[in-house]
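Please look over the sequence and the structure shown here before reading on. The paragraphs below go through the model part by part.

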Amino acid sequence: MTPVSNDHELRVSKIRHGTVIDHVRAGQALNVLAILGIDGGDGEEVSVGINVPSDRLARKDIVKVEDRELSQDEVDVLSLIAPDASINIVREYEVVEKHRVERPDAVEGVLSCPNPGCITTGGEPVTSQFEVLEDGVRCAYCGTITREEIASLIDT
Ligand SMILES: [Zn+2]
C-alpha cells in the first residue's frame with residue numbers, strides 16, 4: 001500500500017514547474033484566473049480545484065498554473081480576494097518556495113474605481129490608486145469604498 005499521509009503535498013506538487021495557489025476562499029478561483037489574466041486563449045496550462053476539502057478552511061479552491069511564477073503585483077491583488085491563500089512555487093515537481101500572501105497597504109494601477117465621476121475613470125492619464133482597508137479598498141482620489149465585489153474592479 002502506498003502511504004497516503006502526504007496526500008496534500010502530492011496534490012500541490014503535481015505540476016512540474018509553476019505556481020500553485022492554495023487555500024483560496026471557496027468560490028474565488030475564477031476571480032484568481034481573472035487577476036492572472038488567464039482566459040484559456042493563450043495556451044497556458046491551468047488546473048482549478050473548486051470546493052476541495054481543506055483542513056484549514058472548510059472548503060477551498062486551488063489554482064495551479066504551469067510554467068509561470070507570479071509577480072509581486074499579481075500576488076498583491078490576489079491577497080485582496082484570497083487573504084488566506086498560500087503561494088507555492090514548484091520546480092521539477094518540488095515545492096521550492098511557499099509563502100502566505102500579505103495584504104499590501106495600497107495597490108496601484110490594478111483596480112478601476114467604480115465611481116464614474118472619479119478622475120481616474122474620466123479618460124485622464126491618472127493611474128488608479130487604492131488604499132487597502134481591513135475589509136475592502138478605498139479609492140485614493142475620490143474616497144469610494146468597495147467591500148464586496150473587489151474582483152469586479154480588477155482592470156483586465
Ligand atoms: Zn475613485
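What follows takes up confidence, then the metal site, the sheet around that site, the nonpolar core and a few single residues.

This is a predicted model, in which local features need pLDDT of at least 70 and side-chain atom pairs count only at pLDDT 80 or more, while totals for chains, interfaces and linings use all residues. Residues are numbered from 1 along each chain as its sequence is written, and side-chain values use heavy atoms, with hydrogens and water left out.

The predictor's confidence in each residue is given as pLDDT, on a scale from 0 to 100. The protein chain averages 85, and 91% of the residues score at least 70. Confidence is lowest in helix 1 (residues 7–12), where the mean is 53, and highest in strand 9, at 96. Where pLDDT is low, the predicted coordinates should not be read in detail. Helices (H or I, at least four residues) and strands (E, at least two) are DSSP runs, numbered from the N terminus.

Next comes the metal site. The zinc ion has as its protein donors the SG atoms of Cys113, Cys118, Cys139 and Cys142, lying 2.3 Å from it. Donors are N, O and S atoms within 2.8 Å of the metal (3.2 Å for Na, K and Ca); water is not among the atoms, so sites may look incomplete. The arrangement is tetrahedral because the 4 donor atoms subtend angles of 101 to 113° around the zinc ion. Four donors count as tetrahedral if all angles lie between 85 and 135 degrees. Along the sequence, the donor residues are spaced C-x4-C-x20-C-x2-C. Cys118, in the loop between strand 6 (106–108) and strand 7 (129–133), and Cys139, in strand 8 (residues 136–139), are 21 residues apart and link distant parts of the chain. Cys118 has 2% relative accessibility and therefore counts as buried. Cys139 is likewise buried, at 2% relative accessibility. Buried means under 20% relative accessible area, exposed over 50%, and partly exposed in between (1.4 Å probe, protein chains only).

How are the strands of this region arranged in their sheet? There are 4 strands in an open sheet, ordered 6-7-8-9 with antiparallel pairing. Strand 6 and strand 9 (145–146) are at the edges with a single partner strand each, so one side of each has no neighbour in the sheet. Two strands pair if DSSP finds at least two bridges between them. Strand 7 and strand 8 run antiparallel and are joined by 4 bridges, and a hairpin of 2 residues connects them. Within this pairing, the zinc donor Cys139 is the bridge partner of Phe130. Strand 8 also pairs with strand 9 in the antiparallel sense, over 2 bridges, and Arg138 stands opposite Ile145 in strand 9. The hairpin of strand 8 and strand 9 has 5 residues between the strands, and Gly143 there takes a positive phi near 80°.

The largest nonpolar core has 34 residues, of which Ile21, Val32, Leu36, Ile87, Leu111, Phe130 and Val137 touch the most other members. Elements that each supply at least two residues of this core include strand 1 (18–25), helix 2 (29–35), strand 3 (59–66), strand 4 (86–91), strand 7 and strand 8. Helix 3 gives the most, with 5 residues. A nonpolar core is a set of buried Ala, Val, Leu, Ile, Met, Phe, Trp, Tyr and Cys residues joined through side-chain atoms within 4.5 Å. In soluble globular proteins, nonpolar side chains tend to be buried together.

Some single residues remain. Ile38, in the loop between helix 2 and strand 2, counts as buried at 12% relative accessibility. Not counting residues up to four places away in sequence, Ile38 touches Leu33, Glu44, Val46, Val65 and Arg68. Between Ile38 and Gly143 there are 105 residues in sequence and 30 Å in space, C-alpha to C-alpha. Asn51, in strand 2 (residues 46–53), has a positive phi of about 60° although it is not a glycine. Glu92, in the loop between strand 4 and strand 5 (94–100), has a positive phi of about 50° and is not a glycine either.

Methods
Tetrahedral: all angles 85-135°; square planar, octahedral: opposite > 155°, others 65-115°. Contact = heavy atoms within 4.5 Å.
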